[in-house]
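Subject: Handing over the structure

Hello,

Please read the notes with the model open beside them.

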Amino acid sequence: MMKTDEKLIINGKRLDGRKPMDIREIEMKVGVIPNANGSAYVRFGKTTAFAAVYGPRELIPKHLQEPDKAILRCYYNMAPFSVSDRKRPGPDRRAVEISKVTKLAIEPALFLEEFPETTIDVYIDIIQADGSTRVTGINAASLALADAGIPMRDLIVALSGGKIDDTLIIDLCGKEDNYSEADIPIAFLPNTKEITLLQMDGRITPQEVKDTIRNILKAGEQVYKKQKEALKNRYK
Amino acid sequence: MKEYILNLLEKNKRIDNRKLDEFRKIEIQKDFIQRAEGSARVKFGNTDVIVGVKLEINEPFPDTPDSGILRTDAEFTPIASENFFPGPPNENAIELARIVDRGIRESETIDLEKLCLEKGEKVWGVCIDIRIINHDGNLIDASALAALIALTTTKIPKIKDDEIIREEYSGKLPLKHKPITISIGKIGDKFIIDPCLQEENLLDSILTVSVREDGKICAMQKRKNSLKVEEINKIIDLAVNKSKELRKLI
Amino acid sequence: MTEKVREIVLPGEVIGNTKTEKSGHGTFIRDQNIISKFLGIPKRVKDYISVIPLSGVYTPKRHDKIIGIVISVEKSGWIIDINSPWKGFLSLSEGVRDFIDIRKVSLKRFFDVGDIIYTEIVDVRNGDIQLSMKSPSSRKLEDGVLVKITPSKVPRVIGKEGSMINSIKEKTKTIIRVGQNGVIWLTGQDIEKAIDAIKMIDEKSHIFGLTDKINIFLSDLNDENR
């Protein structure tokens, strides 16, 4: 965590004018990449992600196939121009880890057993990063999977929460992420409230962790609503 | 399908009702990525490309101590096609990046002399990063156009105490020229502009030409099979002519 | 343009309950709720609720008649691209009626790479899809153009008792074969217009009054042709 003398909350308002429990402006569009089986574009404030689903499709090499279900592969990558100081192309260690936890976040929602010996490939591409990129990517992946006609138990809703200047907040932007006392990204299945992604970094009390999780689940309803709207709008 | 497309071409028609020398619908979005110093998104029909430009402080090359540096990279991101997979750029991605780079470098688009910060020590490095969002053919032309438009939106960051202050700018990237890159494909004895992916797979040959606003040719690249001299001459003329259409869009 | 859209349900959405209804294709049960698996259109027939997905790959089913493309010629049969995550296999005995001496005759004589066939799925077993050319309607399809649509929309393209596809065939003077796997083969006069009509159905199957729209589109053509 970086330290700053700058106050991140002044008079109850965050740097971008938001209240602690406010989510940034959300934009979601489904069906944006014609070649993909399913695709979506999601923006939270300035953080922007594309997700594309290819599959279920044949898996080569064959020895990676599972006889009783599809395998799920997730790949998270950031554009070199998505961050302040240009990032060299290709996934770094952080991206590899995010790919792994993203797969875990999504898998419980999918009926993989309906497609033995195939692969479902979920690709997430971050075009601009301003905090909370992994949850933005997971929301995009959720929409792309539904768009692809993959049978799902539920959509997957993702959102970050944390603490800045002794205040619990929702949806951390880049600067807040850098100077936060805690950053907790969460993904969950909205109808059963099963948590499929949970990570944390920071220094806060157990009660604050529990409160943040509760806050995220509550605010996540808004994100769920946006996902549903975006899917319905695909077919207007 | 192949015969169907070839039959249509015999009658000077294409599968999407275009004329042989007609572009698909072109959509352009400028300067929409705040993190990047410059950006553009270009669509030719369903082909969709985003280019971001980032400026960094680099050491100049020893033989050009007061000249800025240009580099161009392209990523065939897996979101764009069922045939793109995660991993380092393959030969097609590298070729595309080098073709776009050549068009910009040889035409002297960027006034690199004006990018010197400290002779022999520090210069601005301009990084053009091409990202394919959806592949429906003619990635080169779409990428080159997006790169040029991104450069026209590019701003130079402020520097304070030897540190770059991102998202605060001291001026625009100085540009001297504007090259337009056009690829012309040959099937049988027909020449087509802006091939979509299905057409691209059937081309006998394809020649990419970069034309500067003063009419000079700055770069060329032939791909696939051979061309006769008369065909090359015809393509050059066609490219120069068609470049005017794209130029209006900048 | 505002068009009236059919009811669309989402993955995870509760659309019924097991006390009064039965769970059909595209739905699953949790506790006593019947829940949609897909972004799709709910179908209520008697007390069965099912959901027709608006997108998705083709899942091979026994007895489906499909259109495939020969990908390779093997020693004992042919491997067929059936527009699905799994490939189909046409064995020698199911592909050819007569007795063949494979020492003397190459399989390529019957079906070669790139050939298009209208064939039937006779067995589906964990990724092993067996095809047969023995049914009377099976045949090689020569020339023509292939178009792919979302497999779940095939019933709409065919229409009630073939009404939609016959209408398209008549008005565009084309011969059309529709595979259950979403692959459609066309040949004839006004192929482009037939393809346009089929693509319109693929894109707008969720809108009310689609049948009328297509009929209007097709009659406009006939007027043009006069």
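How many of the 15 residues of H3(B) are buried? The count is 13, so H3(B) is largely enclosed by the rest of the structure; here a residue is called buried if 20 or more other C-beta atoms, placed from the backbone, lie within 10 Å of its own, exposed if 12 or fewer do, and partly exposed in between. Helices (H or I, at least four residues) and strands (E, at least two) are DSSP runs, numbered from the N terminus.

Before going further, please keep in mind that this is a predicted model, in which local features need pLDDT of at least 70 and side-chain atom pairs count only at pLDDT 80 or more, while totals for chains, interfaces and linings use all residues. Residues are numbered from 1 along each chain as its sequence is written, and chains are lettered from A and ligands numbered from 1 in the order in which they are written.

The same check works for H4(A), residues 206-233, where 28 residues should span 40 Å and the ends are 40 Å apart.

The axes of H2(A) and H4(A) come within 11 Å and cross at roughly 35 degrees, where axes are lines fitted to C-alpha atoms, for helices over the stretch in contact, and angles run from 0 to 180 degrees between N-to-C directions. At this crossing A:Asn139, A:Ser142, A:Leu143 and A:Ala146 in H2(A) meet A:Val223, A:Gln227, A:Ala230 and A:Leu231 in H4(A); two residues are in contact if their C-beta atoms, placed from the backbone, lie within 7 Å.

Between chains, 24 residues of chain A are in contact with 28 residues of chain B. On the chain A side, S5 (47-58), S6 (71-78) and S7 (118-128) each supply at least two residues, and the largest share, four residues, comes from S7(A).

Two peptide bonds in chain A deserve a careful look. The bond from A:Gly55 to A:Pro56 is cis, with omega near 0 degrees, and A:Pro56 is in strand S5. Another cis bond joins A:Ile60 and A:Pro61, with omega about 10 degrees, and A:Pro61 lies in the loop between S5 and S6.

Finally, chain C has five helices and 15 strands, and 40% of its 226 residues are buried. In its loop between H2 (154-158) and H3 (163-172) you will find C:Gly159, which counts as partly exposed because it has 16 C-beta neighbours inside 10 Å. C:Glu161, in the loop between H2 and H3 of chain C, has a positive phi of about 55 degrees although it is not a glycine, and C:Glu161 is exposed, with 7 other C-beta atoms within 10 Å.

With best wishes

Key. The expected span of a helix is 1.5 Å times one less than its number of residues.
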